[in-house]
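Let's take a walk through a protein chain together. Keep the picture in view as you read, and try to find each part as we come to it.

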Amino acid sequence: MFFHLAGINESEESILVRRKKKYSADCRLTKRPIQRWFPLFVLPTFLCFCIGFLWPFIQGIYLSFCKFNILTDAQYVGTENYEKAFKDPGFVNAFWNTASFAVVSIILINVVAFFIAYALTQKMKGSNLFRTVFFMPNLIGGIVLGYIWS
């Protein structure tokens, strides 16, 4: 080893090497139980995800291909529901309005947020006023609560 460059003799070197091996063994001993019990700790969260999200999502997709009401059982009708929906001009109009609103708002929100973040980080005339006006709504709630509880 290169311990002699640091001014450490062989007996000190062997102690350091033994310590290093001891700590690496300790690390293995602490990792083993975590690796062994990992599924037990992840299982409740995974079950909640499956019960609360995955199963209703899959069931909703299946029911979208069925004809049913509250009193009758679901009868599989294939893509008939989707064909009816896309033949209805009101649905098509609502679908395109929703899709265009989502796309435009996502792009617009991200572009505006980028420019606001850029403006907040730049040193330019009026930036302190802009920061004050921009962050004021975040402060007002705390100030009002402070007055109420004082």
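This is a predicted model: local features need pLDDT of at least 70, side-chain atom pairs count only at pLDDT 80 or more; totals for chains, interfaces and linings use all residues.

**A walk along the chain**

Leu63 is partly exposed, with a relative accessible area of 27%.

Where does Leu63 lie? You'll find Leu63 in helix α1, which covers residues 10–63. If you skip residues up to four places away in sequence, Leu63 touches Phe68, Ala74 and Asn81. Now look for Val77: Leu63 and Val77 are 14 residues apart in sequence, and their C-alpha atoms are 9.8 Å apart in space.

Time to zoom out. The protein chain has four helices and two strands, and reading along the sequence gives you the pattern α-β-β-α-α-α. How many of the 150 residues count as buried, as a percentage? The figure is 6%. Contacts tell you something about the chain too: take those between residues at least 6 apart in sequence, and 0% of them join residues at least 24 apart.

Next, let's see how some of the helices meet. Two packed helices are described by the angle between their axes and the distance between the axes. Helix α2 (residues 80–87) packs against α3 at an angle of about 85 degrees, and their axes are 5 Å apart. That angle makes α2 roughly perpendicular to α3, because anything from 65 to 115 degrees gets that description. Which residues meet here? On the α2 side there are Ala85, Phe86 and Lys87, and on the α3 side Pro89, Phe91, Val92 and Phe95. Sorted by class, the residues of this contact of α2 with α3 come to six nonpolar, no polar and one charged.

Follow α3 along, and you'll come to Ser105, which is found in this helix. Is Ser105 buried or exposed? Ser105 is buried, because its relative accessible area is 19% and the cut-off for buried is under 20%. A polar atom of the Ser105 side chain lies 3.2 Å from the backbone oxygen of Ala102.

Our last stop is the pairing of helix α3 (residues 89–121) with helix α4 (residues 127–149). These two helices pack at an angle of about 130 degrees, with their axes 9 Å apart. That makes α3 oblique to α4. The crossing of α3 and α4 is left-handed. To spot the contact, look for Ile116, Ala119, Leu120 and Thr121 in α3, which meet Phe130, Arg131, Phe134 and Phe135 in α4. By class, this contact of α3 with α4 has six nonpolar residues, one polar and one charged.

Terms used:
Residues are numbered from 1 along each chain as its sequence is written. Side-chain values use heavy atoms; hydrogens and water are left out. Axes are lines fitted to C-alpha atoms, for helices over the stretch in contact, and angles run from 0 to 180 degrees between N-to-C directions. Angles under 35 degrees count as roughly parallel, over 145 as roughly antiparallel, 65 to 115 as roughly perpendicular and the rest as oblique. A crossing is left-handed if the near helix is turned anticlockwise from the far one by less than a right angle, and right-handed if clockwise. Contact means heavy atoms within 4.5 Å. Ala, Val, Leu, Ile, Met, Phe, Trp, Tyr, Cys and Pro count as nonpolar, Asp, Glu, Lys and Arg as charged, and the others, Gly among them, as polar. Buried means under 20% relative accessible area, exposed over 50%, partly exposed in between (1.4 Å probe, protein chains only). A polar contact is a pair of N or O atoms within 3.5 Å; within protein, one must be able to donate a hydrogen and the other to accept it, and residues adjacent in sequence count only if both atoms are side-chain atoms.
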